[in-house]
Amino acid sequence: MDHSGHGMTMDLPPFTLGRGLHWSADPFFLVACLLGLGLYGWGVVRLVRRGDKWPVMRTVSFVVGVLTIMLVLCTRLNDYGMVMFSVHMVQHMVISMLSPILLLLGAPITLALRALPTAGRGRKGPREVLLMFLHSRYMRLLTHPAFTIPLFIASLYGLYFTPLFDFLMESRTGHAVMMAHFLAVGVVFFWPIIGVDPGPHRPGHLMRMLELFAGMPFHAFFGIALMMASEPMVGVYEHPAASLGIDALSDQTAAGGIAWAFSEVPSVLVLIALLFQWKSSEQRQARRQDRAADRDGDKELEAYNAYLASLNARGR
């Protein structure tokens, strides 16, 4: 591995899927993923031990979400992503548009609020701090569409088409920071739209769909811009190593195609999840209305029985 004016270069053989899936862990993401799985598992076990239930599909969704992060950042895909634009784009799309959706459907904050013990009157423990954070002005700003949608778009155009991208790609640390940023932006963008966890910004289901479609087209436009370019647009991938056997412009075109095609994946997943959430919400509301109607009917029946009883007493 040697440093050049165009960032990091690696002598890697031509990319194949089997070779890319070999283990090559990024230390930061490996520790973070294992810690996330451990804490989530602790929460589920704590609930089960006290007799509470936790939906299996939420656990499955969260675990698969963590595994997608490990797939793109703890295998040799991460090594190839440093030198091949197309592989990097796979990492970016998964980490920003697939992993966040799966993690959010796992409802980790709801699990934490149910599993963490209360600190007691007048004291603040982890649960109380988490609740304060969820209801803070900072979170209201962070989850508002006027902030999340521009941030989602700026993370593409403001990063790839400025010198910042080349600067971050100069080191593995910079690359890890970039990937952490992509993950955080994806979580912030999809949380108000699809998140099961409580949050300060929770619009209706129709508005959530509008928020989704407000951001997705820009990913497609970004991919088209890369595909139609007549020269390399990102400096760090301008001179690929000869051992890779690739052409920089062809690799960029492939990266653009991945960005364009992948924008459809989260749209479909989110729409399916939203429809299920919408249906469940309607069913819960209908059950509440039925219970209210039953209570009203019981009250009417009790009043009628009392009236009959009073008539009977007068007759006697």
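Is F29 buried or exposed? F29 is buried, with a relative accessible area of 4%. Here buried means under 20% relative accessible area, exposed means over 50%, and partly exposed lies in between (1.4 Å probe, protein chains only).

The legends below describe a predicted model, in which local features need pLDDT of at least 70, side-chain atom pairs count only at pLDDT 80 or more, and totals for chains, interfaces and linings use all residues. Residues are numbered from 1 along each chain as its sequence is written, and side-chain values use heavy atoms, with hydrogens and water left out.

**View 1. Overview of the chain.** The chain has 15 helices and two strands. Helices (H or I, at least four residues) and strands (E, at least two) are DSSP runs, numbered from the N terminus. Of the 316 residues, 42% count as buried. Take the contacts between residues at least 6 apart in sequence: 78% of them join residues at least 24 apart. Contact means heavy atoms within 4.5 Å.

**View 2. The F28 and F29 ring pair.** The ring centres of F28 and F29 are 5.1 Å apart and the planes stand at 85 degrees, so the pair is edge-to-face. Rings of Phe, Tyr and Trp (its six-membered ring) pair if their centres lie within 6.5 Å; planes under 30 degrees apart count as stacked, over 60 as edge-to-face and the rest as tilted. F28 counts as exposed, at 52% relative accessibility. F29, at 4%, is buried. The count for the model comes to 18 aromatic pairs.

View 3. The largest nonpolar core holds 76 residues, and M89, F165 and F190 touch the most other members. Helix α12 (residues 172-194) supplies the largest share of this core, 12 residues. A nonpolar core is a set of buried Ala, Val, Leu, Ile, Met, Phe, Trp, Tyr and Cys residues joined through side-chain atoms within 4.5 Å. Leaving aside neighbours within four places in sequence, F165 contacts H88, L159, Y160, M178, V234, V236 and Y237. F165 also belongs to a cluster linked by ring pairs, together with F85, Y157, Y160, F161, F182, F222 and Y237.

**View 4. The largest pocket.** About 990 Å³ of space lies in this pocket. It has 32 lining residues, and the closest to its centre are G36, F62, L103, P108 and I109. On a 1 Å grid over the protein atoms alone, a pocket is an open set of points where a 1.4 Å probe fits, with protein on both sides within 12 Å along at least five of seven lines; lining residues have an atom within 4 Å of a point. Grid points are joined across faces, edges and corners, and a volume is the space filled by probe spheres set on the points. Helix α2 (27-49) gives the largest share of the lining, 10 residues. Elements that each supply at least two residues include α3 (56-73), α6 (99-105) and α7 (108-115). The lining divides into 29 nonpolar, two polar and one charged. Ala, Val, Leu, Ile, Met, Phe, Trp, Tyr, Cys and Pro count as nonpolar, Asp, Glu, Lys and Arg as charged, and the others, Gly among them, as polar.

**View 5. The second largest pocket.** This pocket has a volume of about 360 Å³. Of its 14 lining residues, M57, R58, S61, L105 and V196 are the closest to its centre. Two or more residues each come from α3, α6 and α15 (264-315). The most, five residues, come from α3. By class, the lining has 11 nonpolar, two polar and one charged residues.

**View 6. G65 in helix α3.** G65 sits in helix α3 and counts as buried, at 0% relative accessibility. G65 touches S99, L102 and L103, not counting residues up to four places away in sequence. G65 and I101 are 36 residues apart in sequence, yet 7.7 Å apart in space, C-alpha to C-alpha.

**View 7. A107 between two helices.** A107 is placed in the loop between α6 and α7. Most residues other than glycine have a negative phi. A107 is not a glycine, but has a positive phi of about 50 degrees. At 0% relative accessibility, A107 counts as buried.

**View 8. Q91 in helix α5.** Q91 lies in helix α5 (residues 85-97). Q91 counts as buried, at 1% relative accessibility. Beyond its neighbours within four places in sequence, Q91 contacts V72, L73, L77, N78, G81, H175 and M179.
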